[in-house]
Amino acid sequence: ERRCMERFRDRSTLSADGREYRLYCNISMPSASAAVIEAGGEGVGLFRTEYLFMNRSVPPTEEEQAEAYRQALKGAGGRQVVIRTLDIGGDKNVPCLSTQKEENPFLGLRGVRWCLQNEEVFLTQLRALLRAGAGENLSILFPMVSTLSELRSCRSLLQKAREQLINEGRPCSESVPAGVMIETPSAALIADHLSREAAFLSIGTNDLTGYIMACDRGNPAVGGLYDPLHPAVLRVLRHIIRCGSTSGTPVSVCGETAADPRLVPLYMSYGVTGFSVSAVAVPRVRKTVSLWSKVEADSLADSVGRLNTAAEVRELLDSAQRT
Ligand code: PEP
Ligand code: MG
């Protein structure tokens with residue numbers, strides 16, 4: 001483990017046949033960006049900003065947010081930093097912002113659904129992001145999108161934020177790539193449409209798996225159904241990634257499964273361009289990528305594609321796993 005850490009910390013992420021992937025990290029505090037680069041991450045693939053809103057009685061101001069985003073960007077030393085807008089609701093309770101009690105929070109006002117109904121909060125965040133992004137390598141990511149209209153609304157609000165800042169004469173980022181999280185079944189099914197209007201797709205397998213299997217992983221009565229190796233989940237992943245490849249839009253996986261050495265070669269075969277994982281997983285994922293060529297990964301994906309149950313997939317992937 002230690003030797004793997006050292007060998008795979010400082011290098012690019014190449015498959016056995018020399019294809020390059022982006023290996024980024026997930027963070028939730030701005031101060032973590034420097035540490036993940038130090039740990040061998042090639043950028044920040046997902047900064048979960050809801051943590052900035054937690055453990056406080058009022059939401060952070062535009063200035064405070066801009067400062068936090070600047071810190072994350074500076075820490076990454078010019079490498080790409082993908083900052084996700086507030087993903088409130090569902091499992092993420094943010095007490096300083098008023099949310100209504102919902103009977104089905106996972107099917108309720110989450111992520112951009114909430115933000116688009118609370119425009120001042122959203123606009124404040126977008127302004128802070130654009131201000132922090134001036135001259136920096138910033139990308140913005142919208143969570144819990146389920147329709148193309150939502151993506152368009154988010155983008156027009158981003159445009160509005162930019163116009164406001166320009167009118168006020170404040171320095172701001174000129175053009176920020178805006179990507180979309182694919183974590184709802186509807187977003188997955190229209191990934192072709194989304195990929196034509198988004199700068200990149202980021203697959204959130206944590207939520208997506210639960211929504212595809214229609215089950216709550218925290219509920220022991222049905223938690224066993226929550227399975228990223230289920231053929232239904234794999235078919236959806238393959239569909240999303242192929243949509244991205246077809247339109248030439250980068251697609252990465254940022255859920256926990258991105259660090260699973262059994263799934264990495266499958267995602268490579270489907271055509272991902274990158275992974276975003278926790279810092280501790282970087283050397284291991286980089287090593288896994290290096291152990292597979294496209295031809296080998298394709299052959300594995302073909303075999304998996306012929307299997308009918310999660311148990312069969314698990315058995316095959318367990319035995320094919322390279323470490
Ligand atoms: C996901 O849903 O897979 C994801 C990366 O987002 P989060 O875990 O923050 O919901
Ligand atoms: Mg999610």
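Begin by selecting Arg48, Arg84, Asn206, Asp207 and Arg217, the positions at which UniProt, in an unreviewed entry, places the feature "binding site". In this predicted model, these residues are spread over 170 residues of sequence, and they are spread in space as well, with up to 23.2 Å between C-alpha atoms.

**First stop: arginine 84**

Select arginine 84, which belongs to strand E4, residues 81-84. Is arginine 84 buried or exposed? Arginine 84 has 24 C-beta neighbours inside 10 Å. A residue counts as buried if 20 or more other C-beta atoms lie within 10 Å of its own, and arginine 84 is therefore buried. Now display its contacts, leaving aside the neighbours within four places in sequence: they are Leu46, Phe47, Arg48, Thr49, Leu141 and Pro143. One of these contacts, Arg48, is itself among the positions that UniProt lists under "binding site".

**Second stop: arginine 217**

Which residues does arginine 217 contact, once its neighbours within four places in sequence are left aside? They are Gly210, Gly223 and Tyr226.

Consider each residue in turn. Glutamate 183 is found in the loop between strand E6 (178-182) and helix H7 (185-189). Because 26 other C-beta atoms lie within 10 Å, glutamate 183 is buried. Apart from neighbours within four places in sequence, glutamate 183 is in contact with Met144, Gly204, Asp207 and Leu208.

Aspartate 207 sits in helix H9, residues 205-213. Aspartate 207 also counts as buried, since it has 22 C-beta neighbours inside 10 Å.

Two packed helices are described by the angle between their axes and the distance between the axes. Select helix H3 (residues 62-75) and helix H5 (residues 119-132). How are H3 and H5 oriented relative to each other? They pack at an angle of about 45°, with their axes 8 Å apart, and H3 and H5 are therefore oblique to each other. Their crossing is right-handed. To see the contact, colour Glu62, Gln65, Ala66, Tyr69, Arg70 and Leu73 of H3, together with Thr124, Gln125, Arg127, Ala128, Leu129, Arg131 and Ala132 of H5. The residues of this contact comprise six nonpolar, three polar and four charged.

Finish with helix H13 (residues 294-305) and helix H14 (residues 310-320), whose axes are 10 Å apart and form an angle of about 160°. H13 and H14 are therefore roughly antiparallel to each other. The crossing of H13 and H14 is right-handed. Highlight Leu300, Ser303 and Val304 of H13 and Val313, Leu316, Leu317 and Ala320 of H14, which make the contact. How do the residues of the contact of H13 with H14 divide into nonpolar, polar and charged? Six are nonpolar, one is polar and none is charged.

Methods:
Residues are numbered from 1 along each chain as its sequence is written. Chains are lettered from A and ligands numbered from 1 in the order in which they are written. This is a predicted model: local features need pLDDT of at least 70, side-chain atom pairs count only at pLDDT 80 or more; totals for chains, interfaces and linings use all residues. Axes are lines fitted to C-alpha atoms, for helices over the stretch in contact, and angles run from 0 to 180 degrees between N-to-C directions. Helices (H or I, at least four residues) and strands (E, at least two) are DSSP runs, numbered from the N terminus. Angles under 35 degrees count as roughly parallel, over 145 as roughly antiparallel, 65 to 115 as roughly perpendicular and the rest as oblique. A crossing is left-handed if the near helix is turned anticlockwise from the far one by less than a right angle, and right-handed if clockwise. Two residues are in contact if their C-beta atoms, placed from the backbone, lie within 7 Å. Ala, Val, Leu, Ile, Met, Phe, Trp, Tyr, Cys and Pro count as nonpolar, Asp, Glu, Lys and Arg as charged, and the others, Gly among them, as polar. A residue is buried if 20 or more other C-beta atoms lie within 10 Å of its own, exposed if 12 or fewer, and partly exposed in between; C-beta atoms are placed from the backbone. UniProt positions are given in the numbering used here, feature names are shortened, and annotations may be inferred rather than shown by experiment.
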